[in-house]
Amino acid sequence: MAGATRGCLGNAGEASTSKPRAVLRTWSERELILLAVQMSNEIPVCDHSYHFCTYEYSFIGKEVVNWMIESGVVDDDIEAVDLGNQMLRAGLIHHVMNDHLFKNQDLFYRFHLDRRSPPCVGRKATPPAKMLAATEVLDAPAPGGAMATHNATMAVALAETLAEERRMAAQREAELRERIKQLETELVQKY
């Protein structure tokens, strides 16, 4: 798919000959919230692993695209990806590491329906307490707007993740230094 730069990508990843749609539907915030709540209740959320790291309480982008098409929310994968990105911009879903927009790929995402708490970025996440009703999400306060709240809480979450990664790196560095000392001692004893 790296070479397919023009045209639309179909389900098989091949460029189609049809022209891309000029206008995709723009969903209202209320519609996005209602859909996100429905998705959170129907799409499997579980722990997923990649490169020996487990990302808790996440879902796969490709599965969401399939669900959107199969449930009749959208007609094709192009509309599904666009809708997923609208949900991402609204702060209702996010990539587990905030490294990607919404894509029809095996990437991990999380729901962020509780506006009173920051989104969980990184490998660890708090379990969803219960299935939320649409009214709980719609009525939740979002001081300064959903995006401002999302950005502020995202900064806190990223700072916490960075601090944890630094702690783990320092611990690993100390372990490696200790191992190097052991190996040096063994070499001196042998030779």
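Predicted model: local features only at pLDDT ≥ 70, side-chain atom pairs only at ≥ 80, totals over all residues.
Q: What counts as a helix or a strand here?
A: Helices and strands are DSSP runs numbered from the N terminus, where a helix is H or I over at least four residues and a strand is E over at least two.

Q: How much of the chain is buried?
A: Of the 191 residues in the chain, 31% are buried, where buried means under 20% relative accessible area, exposed means over 50%, and partly exposed is in between, with a 1.4 Å probe and protein chains only.

Q: Which residues have the most contacts inside the largest nonpolar core?
A: They are M39, M68, L83 and M87, in a core of 26 residues. A nonpolar core is a set of buried Ala, Val, Leu, Ile, Met, Phe, Trp, Tyr and Cys residues joined through side-chain atoms within 4.5 Å.

Q: And which elements give two or more residues to this core?
A: Those are helix 1 (29-42), helix 2 (61-70), helix 3 (77-89) and strand 4 (108-111), and helix 1 gives the most, with 6 residues. In general, nonpolar side chains in soluble globular proteins tend to be buried together.

Q: What is M87 in contact with?
A: Leaving aside neighbours within four places in sequence, M87 is in contact with L32, L35, A36, M39, M68, L92 and I93, where contact means heavy atoms within 4.5 Å.

Q: How do helix 1 and helix 3 cross?
A: Their axes come within 10 Å and cross at roughly 105°, with each axis being a line fitted to C-alpha atoms over the stretch in contact, and angles running from 0 to 180 degrees between N-to-C directions. That makes helix 1 roughly perpendicular to helix 3, since angles of 65 to 115 degrees count as roughly perpendicular, under 35 as roughly parallel, over 145 as roughly antiparallel and the rest as oblique.

Q: Which residues meet there?
A: L32, L35, A36 and M39 in helix 1 meet L83, Q86 and M87 in helix 3.

Q: Is Q86 buried or exposed?
A: Q86 is buried, with a relative accessible area of 8%, and Q86 touches R25, T26, W27 and L32, not counting residues up to four places away in sequence.

Q: New topic: where is F102?
A: F102 sits in the loop between strand 3 and strand 4, and F102 is buried because its relative accessible area is 2%. Among the residues in contact with F102, beyond its neighbours within four places in sequence, are V65, A80, L88 and Y109.

Q: How far apart are the C-alpha atoms of K62 and F102?
A: They are separated by 9.5 Å, although the two residues are 40 residues apart along the chain. K62 is found in helix 2 and is partly exposed, with a relative accessible area of 35%.

Q: Last one: what phi does N98 have?
A: N98 has a positive phi of about 55° although N98 is not a glycine. Most residues other than glycine have a negative phi. N98 lies in the loop between strand 3 (93-95) and strand 4.

Notes. Residues numbered from 1 in each chain as written. Heavy atoms only, no water.
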